[in-house]
Amino acid sequence: MIELSKRIQQVAPSITLAITAKAKQLKAAGEDVIGFGAGEPDFDTPESVKQAAIEALNQGRTKYTPVDGIPELKDAIRDRIAADHQLSYDYPEIAVTVGAKQAIYNLIQALINPGDGVLIPAPYWVSYPDQVRLADGEPQIVETRFEDGFRLSAQALDDAVKPNSRLLILNSPCNPTGAALGRDALVEIADVVRKHNLLVISDEIYEKLVYDGFRQDSIVAVDPTLKDQTAIVNGMSKAYAMTGWRLGYICGPQEWVRAAVKLQGQSTSNPTSFAQYAGVKALQLDDSEIEAMRDQFETRRNEIVDALNDISGVSCPKPDGAFYVFPSIANAIEGRFENTVDFAAELLNSEKVAVVPGEGFGAPGHIRLSYASGLDEIRSGIQRIKRFIDG
C-alpha cells in the first residue's frame with residue numbers, strides 16, 4: 001500500500017458532514033430519521049435569485065470568468081459591506097471564492113508558515129484546526145466559558161497568546177454555539193489584537209442571522225485601525241439559503257487577497273459563472289426579504305432551548321445568532337456513555353435522531369443541534385432525545 005502524505009494523515013474528516021451523510025443514508029433507506037446535523041437553512045433560495053441564474057444561463061454566461069469573480073459581483077459586495085458596515089474596499093481587495101470555506105483555506109495558506117500559531121476560540125467550527133494543520137501551523141485553542149454563553153473574552157484571548165501566535169480566527173455569530181460578540185466586546189478584543197500585532201480572519205457568515213434585536217458589527221468597523229491586518233470572510237450560503245451555490249468572498253488587505261487569488265488560480269479557478277450572477281441578485285436583496293426566515297429561526301430557537309432545558313441533565317444557553325444550539329449533556333450521559341460520540345451513535349441507532357458530538361468542536365460533553373428544520377420535526381426530535389436520556 002502506498003503511504004499517503006503526512007499532511008493529509010493528520011486531518012480528520014468533517015464530523016458534521018459525516019453525521020449528515022449517515023442521516024441521509026438512513027432516510028433514503030426508508031428510516032424515519034430526524035436530522036439536527038445539517039449546517040444549512042431548510043428554506044429555498046429566494047425566487048428572484050434563482051431567476052437571475054436562469055437568465056445568466058439563457059444568456060450564455062457559462063464560460064470562465066476572472067479567477068476572483070465578475071466585476072458585477074464585486075460591485076455588489078462593495079455596496080453591501082458599505083451599507084452594512086460603512087467600510088470601503090477597492091477591487092483588488094475583494095475576491096469571490098468557492099464558498100466561504102475556500103476563502104478561509106486560501107487565506108490560511110497565504111498567511112501561515114510552518115510553526116506559526118493560529119488562535120482559535122473554542123468551541124470552534126470543525127474545519128478551522130485542520131485547515132491550520134494543512135498549512136503546517138499550530139492550532140492554539142482559546143477556551144470560552146459555558147457560564148458566559150461561550151462568548152470570547154479579551155482576557156482569555158490575551159492569556160492564550162504565545163510568542164509564535166500570528167493569526168486570530170474570529171467567528172461571530174459562532175458555529176457551533178451561536179454566541180455573538182457585541183460592540184463593546186469587539187473593542188476589547190481589538191485592543192488585544194493590536195497589543196500583540198495579530199492578524200485576523202473575521203468569519204462573518206452568520207452576521208444577518210441574529211436575534212432579540214442584536215446587531216452584529218464587524219471588528220474592522222468597530223476599530224478601523226485594524227483594516228490593514230484583518231480579512232473579512234462572508235458569503236451567500238446562510239443568510240440567502242444558498243449553501244449549494246458555493247459562493248463566498250474575502251474583503252481585506254490587497255496583498256493578502258491577491259495571494260489568496262494566486263492559490264485559487266492554481267486550484268479551482270473561478271467560482272461557477274452563472275452562480276455569480278445569482279450572487280449579485282442575492283446581495284442586492286433588501287434585508288426585509290430574509291426577515292421571514294430570520295423570524296422563523298428565532299421562533300425555533302426559543303422553543304428548542306426551552307425544550308432542551310426541560311430534559312433532566314441537559315443545560316442549554318440561549319444563542320445570540322446562527323441556527324444552532326450547543327447544550328451540555330455531561331450530567332445526562334455520566335455513567336452511561338464514555339463521550340458524546342458514543343451518545344450520538346446510539347441516539348441515531350435507537351431513536352433515529354442525528355446530532356453532532358461536541359468532540360469535533362473542541363467541547364466534550366456537548367452536542368450541536370441545528371434548528372434549520374420545521375417546528376413539528378424539532379418537537380418530535382426533542383421528544384425522542386428526552387425519551388432516550390430518560391431511559
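This passage describes the overall form of a predicted model and then a few of its residues in turn.

The chain of the predicted model has 391 residues, and its secondary structure comes to 15 helices and twelve strands. A compact globule of this length would have a radius of gyration near 21 Å, and the chain, with 21 Å, agrees with that expectation. Taken along the principal axes, the box filled by the C-alpha atoms is roughly 60 × 55 × 55 Å. Buried residues make up 56% of the 391 in the chain. Among contacts with a separation of 6 or more, 75% are between residues 24 or more positions apart.

The cysteines come next. The structure has zero disulfides. For Cys316, the closest cysteine sulfur belongs to Cys174 and is 14 Å away, which is too far for a bond because a disulfide calls for sulfur atoms within 2.5 Å. Cys316 has a relative accessibility of 5% and so counts as buried. Cys251 is likewise buried, with a relative accessibility of 0%.

Most residues other than glycine have a negative phi, and most peptide bonds are trans. Against that background, the bond that joins Ala122 and Pro123 is a cis peptide bond, with omega at about 0 degrees. Pro123 sits in the loop that runs between strand 3 (117–122) and helix 6 (127–134). A cis peptide bond also leads from Ser172 to Pro173, here with omega near -10 degrees. The loop that holds Pro173 lies between strand 5 (165–171) and helix 8 (183–195).

Positive phi values are found at Phe150, near 65 degrees, and at Ala241, near 55 degrees; neither residue is a glycine. Phe150 belongs to the loop between strand 4 (138–143) and helix 7 (154–160). With a relative accessible area of 8%, Phe150 is buried, since the cut-off for that class is under 20%. Ala241 is placed in the loop between strand 7 (230–235) and strand 8 (248–251), and its relative accessible area of 9% makes this residue buried as well.

Arg151 also lies in the loop between strand 4 and helix 7. With a relative accessible area of 33%, Arg151 is partly exposed. Leaving out residues up to four places away in sequence, Arg151 touches Thr144, Ala179, Ala180, Leu181 and Asp320. Between Arg151 and Gln109 there are 42 residues of sequence separation and 27 Å in space, C-alpha to C-alpha.

Ser328 is found in the loop between strand 9 (324–325) and helix 13 (330–333). Its relative accessibility of 17% falls under the 20% cut-off, so Ser328 counts as buried. Apart from neighbours within four places in sequence, the contacts of Ser328 are Phe146, Gly313, Val314, Ser315, Gly365 and His366.

Leu369 is part of strand 12 (residues 367–370) and is buried, with a relative accessible area of 0%. Once residues up to four places away in sequence are set aside, Leu369 touches Phe36, Ile304, Phe323, Tyr324, Val325, Pro327, Val355, Ile382 and Ile385. Lys262, by contrast, is 107 residues from Leu369 along the chain, and the C-alpha atoms of the two are separated by 37 Å.

Notes: Residues are numbered from 1 along each chain as its sequence is written. This is a predicted model: local features need pLDDT of at least 70, side-chain atom pairs count only at pLDDT 80 or more; totals for chains, interfaces and linings use all residues. Side-chain values use heavy atoms; hydrogens and water are left out. Buried means under 20% relative accessible area, exposed over 50%, partly exposed in between (1.4 Å probe, protein chains only). Helices (H or I, at least four residues) and strands (E, at least two) are DSSP runs, numbered from the N terminus. The radius of gyration is taken over C-alpha atoms; the globule rule is 2.2 Å times the number of residues to the power 0.38. Contact means heavy atoms within 4.5 Å.
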